[in-house]
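I am opening a notebook page on this structure and will set down what I looked up, entry by entry. The sequence and the coordinates come before the notes.

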Number of protein chains: 2
Amino acid sequence: MPTIVECVPNFSEGRRKDVVDKIVYSIRSVPGIKVLDVEMDPDHNRSVVTFTGNKDNVQEAAFRGARAAVELIDLTKHKGEHPRMGALDVLPFVPISGVTLDDCVEVANKTAARIAKNLKVPIYLYEAAAKKPERSNLENVRKGQFEGLREAILTDDSRYPDYGPRMLHPTAGATAIGARMPLIAFNVNLKSKDLKVAKDIAKKIRASNGGLPKLKALGFDLPAKGVVQVSMNLTDYTVTPISKVFETVKKEAEERGVEIEESEVIGLIPLDAVCDLAAKYLKIGSFSSNQVLERRIWG
Amino acid sequence: MPTIVECVPNFSEGRRKDVVDKIVYSIRSVPGIKVLDVEMDPDHNRSVVTFTGNKDNVQEAAFRGARAAVELIDLTKHKGEHPRMGALDVLPFVPISGVTLDDCVEVANKTAARIAKNLKVPIYLYEAAAKKPERSNLENVRKGQFEGLREAILTDDSRYPDYGPRMLHPTAGATAIGARMPLIAFNVNLKSKDLKVAKDIAKKIRASNGGLPKLKALGFDLPAKGVVQVSMNLTDYTVTPISKVFETVKKEAEERGVEIEESEVIGLIPLDAVCDLAAKYLKIGSFSSNQVLERRIWG
């Protein structure tokens, strides 16, 4: 079975389509790379590209994308609403299939070293790839943005990059490279119009309040549907799987005398997370995504 | 998303590897075809090839496989334990993704017409493709085998083929072509040593006794594991899904004071059947296999 690593570079250009096209073309030029999505945002003046490959060719594609961005994007002329510090602003690697988060940390380090050396761009490692605890949060890494970091990198020892020169690239700035698990956006709608129920459950179960690890949760009112919603992000489904989240919300709702109306998965979900549901609910000890017929055909 | 049709031809040759290799080579020669498995059985003197493609190229690959078999296999010299009537003995088409069983019936008819016309082999349509009710059962179609059918096709009106000449091909006999849903082999182990419990549940839930439609079930003793097993085949998971089967076995077991130890899926399972579990257990009304990340990459 081939390994799958997802890569989601954010480039500081969301208005000039020819520039974004050239960057995407450079990524696509690597054999075996599949570009799944390109989103240009003119207000943020930022584009997000989603592509996949294996542990080796994602590095090559990420490097080619970085090189194109350094050549084509000038941060001294960049204006947009979204915080940014580099032409290639952030570059996360995400393990999807047959690879671990640690593998992606290694991919992040190799790519960081290559971009730093060849393109003279300072690199900060963030999230699971962070070498300093405070850098696991991207907001700390990007503080001051391009304009502020230009000075801070020279004078503030805490802003020393993990790879590359201790000065910004004059036009391409700096890049944050990281590794993280795939996000799963999962919402549960409750048969209730009482927003407090959804908010209370969200508060109780989210990781930040000591609830389920790797879970973010908020409560929302959906008046058009006549329900309230517990809206969640699972930041590591191998630590807290969807089945655990669903059963916990269900239990909390039942304790408040409220039933579940329905759930929804927003966007994409890794096959392993779906297979985990099969294993849990059917009590299949050894069920693996290798048993999925399409994986034999496609993989 | 590409459509996926699985095709599982059975050839009456399980001893001469060079012959089977040539047949498989002819199937593989069609662009886009993926051969998933080849099983040669010398005792049955029979080989089973599993391959996939879309609605169009599976027809071409099946035809090329049939042509190679007609050229290379001589039924007048064939000996083996398994019942057979043709060089290409049976050819089922199975809808996996983005196609219906009706689509596969159409594929079966087109392939039948082409093989009959070009290779002069009479074709009987069976299972979901059967044009006569008694032919949905393959055993009725193959009655008398090659030797018996040589006479019966000439004299018995009920053995008139659906396509092609009313006489066997002198060396390649006749072929049964059909359409069926993918089989799912699903077993549930019960925390009990009482074989009667497993047998009673199997009897109650199987389709042949008026239980769940499209379900076959038997009870077995697994003394090495200290459990008894309800061993099942789901012949159409869109009619009776795995979740329904599991919950029914669980309820029947509970009524007999027995708990479920674990379940197992034997062999491969279509992605849609796994996604259906996610939808059922999490109450996701609109969950689709299109949301599986790997499907975007592979499909």
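This is a predicted model: local features need pLDDT of at least 70, side-chain atom pairs count only at pLDDT 80 or more; totals for chains, interfaces and linings use all residues.

Leaving aside its neighbours within four places in sequence, which residues is A:Val197 in contact with?

**Entry 1: A:Val197**

I found A:Val197 in helix α6 of chain A, and, once its neighbours within four places in sequence are set aside, its contacts are A:Leu190, A:Ser192, A:Val228, A:Arg256 and A:Val258.

**Entry 2: chain A as a whole**

I next stepped back to chain A, where I noted nine helices and 11 strands. The radius of gyration of chain A is 21 Å, while the globule rule gives 19 Å for 299 residues, and because these values are close I can call the chain as compact as a globular protein of that length. Along its principal axes, the C-alpha trace of chain A spans about 60 × 45 × 35 Å. Of the 299 residues in chain A, 49% are buried. I also looked at contacts in chain A between residues at least 6 apart in sequence, and 70% of these join residues at least 24 apart.

**Entry 3: strand β7 of chain A**

How many of the five residues of strand β7 (residues 175–179) of chain A are buried? The count is five of the five, so I take the strand to be largely enclosed by the rest of the structure. Going along β7(A), I saw that A:Thr175, A:Ile177 and A:Ala179 point one way, whereas A:Ala176 and A:Gly178 point the other way, and that all of them are buried.

I then looked for the pairing partners of this strand. Strand β5 (residues 88–97) of chain A pairs with β7(A) in the parallel sense over four bridges, and in this region A:Leu91 has A:Ile177 of β7(A) as its bridge partner. Strand β6 (residues 123–127) of chain A also runs parallel to β7(A), joined to it by five bridges, and here the bridge partner of A:Ile123 is A:Thr175 in β7(A).

I looked up A:Lys120, which lies in the loop between α3 (101–119) and β6 of chain A, and its phi is near 60°, a positive value in a residue other than glycine. A:Lys120 counts as partly exposed, because it has 15 C-beta neighbours inside 10 Å.

For A:Lys214, found in the loop between α6 (195–205) and β9 (215–222) of chain A, phi is likewise near 60°. With 17 C-beta neighbours inside 10 Å, A:Lys214 counts as partly exposed.

A:Lys225 lies in the loop between β9 and β10 (227–234) of chain A, and with 12 other C-beta atoms within 10 Å this residue is exposed. The C-alpha atoms of A:Lys225 and A:Asp157 are separated by 53 Å, although the two residues are 68 apart along the chain.

**Entry 4: chain B against chain A**

How many residues of chain B are in contact with chain A? I noted 37 residues of chain B, in contact with 37 residues of chain A. Among the elements of chain B that each supply at least two residues to the side touching chain A are β3 (34–41), β5 (88–97) and α7 (242–255), while α8(B) gives the most, with seven residues. The residues on this side of chain B divide into 23 nonpolar, seven polar and seven charged.

Lastly, I looked up how the copies are related, and a rotation of 180° with 0.0 Å of shift along its axis superposes chain B on chain A, with an RMSD of 0.1 Å. That is the relation of a two-fold axis. In chain B, the C-alpha nearest the axis belongs to B:Trp298, at 2.3 Å from it. The same surface serves both copies, as 100% of the contact residues of chain B recur in chain A.

Key
Residues are numbered from 1 along each chain as its sequence is written. Chains are lettered from A and ligands numbered from 1 in the order in which they are written. Two residues are in contact if their C-beta atoms, placed from the backbone, lie within 7 Å. Ala, Val, Leu, Ile, Met, Phe, Trp, Tyr, Cys and Pro count as nonpolar, Asp, Glu, Lys and Arg as charged, and the others, Gly among them, as polar. Copies are superposed by least squares on the C-alpha atoms of residues with pLDDT of at least 70 in both. The radius of gyration is taken over C-alpha atoms; the globule rule is 2.2 Å times the number of residues to the power 0.38. A residue is buried if 20 or more other C-beta atoms lie within 10 Å of its own, exposed if 12 or fewer, and partly exposed in between; C-beta atoms are placed from the backbone. Two strands pair if DSSP finds at least two bridges between them.
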